[in-house]
Amino acid sequence: MLNGYRILDLSDDKGLFCGKLLADMGAEVVKVERPGGDPARMIGPFYQDDPHPDKSLFWFAFCQGKQGVTLNLEDQRGRDLLKNLAAKADAVIESLPIGYLDSIGVGYDALTEVNPTLVYTTVTPFGTTGPYKDYKGPDIVTMAMSGYMSLCGDTDRAPVRDSFPIAYPIAGTEAAAGTVMALFHRGRTGKGQRVDASAQQSSVSLSANAPAFQDINQRRLRRSGQFRGELLAAIPERQVWPCKDGFICFAIYGGATGARVNQALVDWMDSEGMADEFLRGIDWKALDMSTVTREWMEPVEDRLGAFFLTHTKNEMLQGALERRLILLPVYDMTDIINDPQLQSRGYWMDVKHPELGRSITYPGAFIQSRPTPVQPGKRAPMVGEHNREVYGGWLGLPVDEIDALKQQGVI
Amino acid sequence: MSGIFDGIKVADFTHFGIGPMTGRYLADHGATVVHVESATRPDSVRTSPPFRDGAVGLNRGGFFASLNTSKMGLSINLKTERGVDLGRKLAAWADVVVENFAPGVMVRMGLGYDDLTEVNPDLVMISLTNLGQTGPYAGHPGTGTVAQAVAGLVHVMGWPDRGPVTPFGAIPDFVAPYFGALAVSAALDHRRRTGKGQYIDLSQFEISSWLIAPIILDRIANNREAVRMGNRDPHFAPHGAFPCQGEDRWLTIACTSDAEWQALCQVMERPELASDPNFATLKSRQDNEDELERTISTWTREHPAHDTMHLLQKAGVPAGVVEDMAEIYEDPQLEHRQHFPLLDHPEIGPHRPQAHGVRFSETPSEITRAPLVGEHNEEVLRDLLGLSEEEYVNLVLERVIE
């Protein structure tokens with residue numbers, strides 16, 4: 001869908017996912033690295049735990065399909081080359097400390113001087129303006145300051161973040177949307193602009209209806225571990241349940257859907273002799289989640305919990321599919337790669353890694369579309385792999401000049 | 001032209017979270033978005049809290065109001081044949097259809113992509129579901145709260161010595177709209193350049209797995225299963241949320257280099273720790289992480305969270321307060337970025353829904369309040385779709401419009 005667009009990716013680890021998504025959709029994305037390689041190449045995990053710049057699985061995932069060039073921005077000739085590349089690009093993505101590129105003369109002002117219709121996207125912790133704009137914001141800091149962390153975790157311990165950092169993939173996705181929106185606008189009006197993504201702001205929405213509770217009712221929702229309050233019920237109710245070999249997610253709903261699902265679950269339990277008179281006697285249609293109490297809920301949860309413990313994740317999944325229960329197992333990574341749904345949709349793709357002498361299976365297209373499919377590209381670039389293609393193809397530099405620039409440490 | 005999507009028309013057959021938010025992204029940036037529901041089968045979020053003054057009412061819900069800003073409201077009964085006809089007319093009028101019914105529902109109503117392209121050949125349509133339109137689980141009903149379980153996002157939240165906790169809300173519900181806005185924008189631009197429409201099948205399961213792709217690759221390439229780490233990180237130490245003065249107050253601190261650790265020691269007025277062999281390197285800090293965290297906690301406990309954050313950030317140490325739901329409305333950065341614009345709503349009154357995470361320099365979003373049930377019935381059906389007065393009145397009398 002984005003065929004024909006040229007994107008210059010100057011970002012560090014914070015912005016890499018943005019360009020990866022645009023590459024998946026057909027844009028030509030060129031990752032610009034410092035000579036010797038980008039620091040993000042040293043982010044683990046690593047292939048076979050070998051901390052080598054060409055073996056980072058983080059880099060593999062978030063630079064797939066990009067081309068790679070090296071460029072020394074400390075050198076004036078390097079900065080001139082960057083301007084020449086920007087003159088040929090439709091968009092630039094960067095996530096460096098605010099003001100750094102300006103300070104060396106290749107920021108927004110300098111690049112739009114050579115390319116007035118450029119779309120210039122930044123992915124930063126807090127946005128490029130405001131009192132905290134220069135504050136450092138690794139994942140856990142932006143997750144905390146978005147408010148989201150205050151809603152996650154056990155009540156008797158500190159709030160928690162996800163154990164894999166997702167704040168920047170999330171912000172990078174919104175930045176990718178913003179970049180394409182700006183390109184669409186440019187296509188219709190001829191005008192470029194700045195697209196300024198804030199990781200703090202992109203994660204505020206994860207808090208679902210909790211901000212609205214504060215805003216409308218002045219009720220400050222807090223974390224409640226494996227329970228969740230105020231979504232479906234006026235009380236906290238259990239969402240994560242232990243089963244025989246792991247955990248499942250399920251919540252008691254009200255309304256017509258809840259009445260059907262809850263009854264179907266009780267019938268299943270009954271067929272295995274695990275629904276007592278109390279449970280069988282519940283009129284689920286009469287259940288009003290806005291007035292339900294913990295006193296009512298606890299004995300119900302006790303019985304469901306005992307039943308779940310008698311089944312494996314997979315048994316729960318199969319039973320849920322047969323009975324159309326709104327219940328799914330808590331998958332670990334092994335379960336994800338073995339899942340029949342993803343396999344049947346052709347989600348996985350083999351990506352060739354000639355340097356490793358093998359292919360690695362990757363998650364595939366993030367959407368299925370027709371008639372124009374999303375097609376993730378080749379493995380992430382090696383250091384300076386596409387110097388000749390890009391400096392030759394975009395700028396028309398002859399091979400001997402490119403080699404000379406390399407000798408001189410410019411690229 | 002001010003908004004990015006000025007002149008773009010969107011038929012928004014959505015309810016609950018992912019669908020409405022995808023439509024909202026377009027609406028807040030200039031598209032004319034018509035949200036379709038009916039009074040007897042309203043968007044289910046209209047019946048979920050919070051309500052203004054706690055009084056339940058279809059037009060009183062704060063969550064709906066924050067998920068459906070800048071849209072027009074159309075209430076037609078899609079359970080009737082003539083209601084479906086109106087839905088088809090709306091889709092014929094539209095550039096984009098957004099829907100998040102269970103797979104198959106739109107097709108059964110005769111509103112599937114292949115039906116709609118007969119009346120609107122270059123239509124862009126996006127369907128957002130839990131698990132996708134095809135495959136053995138396609139028809140399975142679900143919500144984001146269970147989708148995040150199969151997507152691996154629950155498995156990796158919590159402490160290593162305990163079971164996982166539930167990520168509040170449901171992460172995929174609120175990330176899928178960003179992917180949806182990306183896909184629709186790309187499809188619209190592709191249509192602008194080629195004249196071709198597009199059908200987009202978005203599965204929450206599939207987009208979410210990309211957020212954690214490196215640990216999926218770790219399992220595939222290295223046979224290593226992901227684990228819960230609380231707030232620790234394989235690359236950094238210290239890395240966590242530390243207790244501060246007051247009740248349930250927490251400050252996150254993450255030292256991403258030895259220099260930041262040394263700066264933290266200075267701020268703590270414990271310069272000797274910087275050269276302490278137990279803490280001097282990342283490896284030694286990780287080997288002694290319990291002690292490291294106790295040492296920092298002893299210090300943070302004596303200090304207020306916000307003051308400590310500013311002190312640390314000024315010294316170059318990444319730190320951020322775990323802001324609660326009241327604090328995000330007072331956060332000076334979010335305030336500066338106008339993240340919570342003040343809107344007025346006829347039944348909710350003044351309220352502050354969220355803006356977006358991206359700021360456009362030339363085409364800022366323009367966010368107006370969410371519609372009441374059926375608020376724009378006449379405007380949509382008469383002015384936009386061109387129904388005569390007689391047709392309109394008949395549809396009201398036949399309860400197709402309700």
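**Note on the two-chain predicted model**

1. In strand β4 of chain B, the residue that bridges to B:Asp12 is B:Val98. That strand, residues 96-99, runs parallel to β1(B) and is joined to it by 4 bridges, where two strands are said to pair if DSSP finds at least two bridges between them. Helices (H or I, at least four residues) and strands (E, at least two) are DSSP runs numbered from the N terminus.

2. This is a predicted model, in which local features need pLDDT of at least 70 and side-chain atom pairs count only at pLDDT 80 or more, while totals for chains, interfaces and linings use all residues. Residues are numbered from 1 along each chain as its sequence is written, and chains are lettered from A and ligands numbered from 1 in the order in which they are written.

3. Strand β1 of chain B (residues 9-13) has 4 of its 5 residues buried, a residue being buried if 20 or more other C-beta atoms, placed from the backbone, lie within 10 Å of its own, exposed if 12 or fewer, and partly exposed in between. With β2(B), residues 32-37, this strand β1(B) pairs in the parallel sense over 4 bridges, and B:Val10 has B:Val33 as its bridge partner there. Together with helix α1 of chain B (residues 18-27), β1(B) and β2(B) form a right-handed β-α-β unit; right-handed means that, with the strands pointing away from the viewer, the path from the first strand over the helix to the second runs clockwise.

4. These strands belong to an open sheet of 7 strands with mixed pairing, in the order β14(A)-β6(B)-β5(B)-β4(B)-β1(B)-β2(B)-β3(B). Because β14 (368-370) of chain A and β3 (72-75) of chain B stand at the edges, each with a single partner strand, one side of each is left without a neighbour in the sheet.

5. The contact as a whole takes 130 residues from chain A and 124 residues from chain B, two residues being in contact if their C-beta atoms, placed from the backbone, lie within 7 Å. On the side of chain A that touches chain B, helix α7 of chain A (residues 167-189) supplies the largest share, 17 residues.
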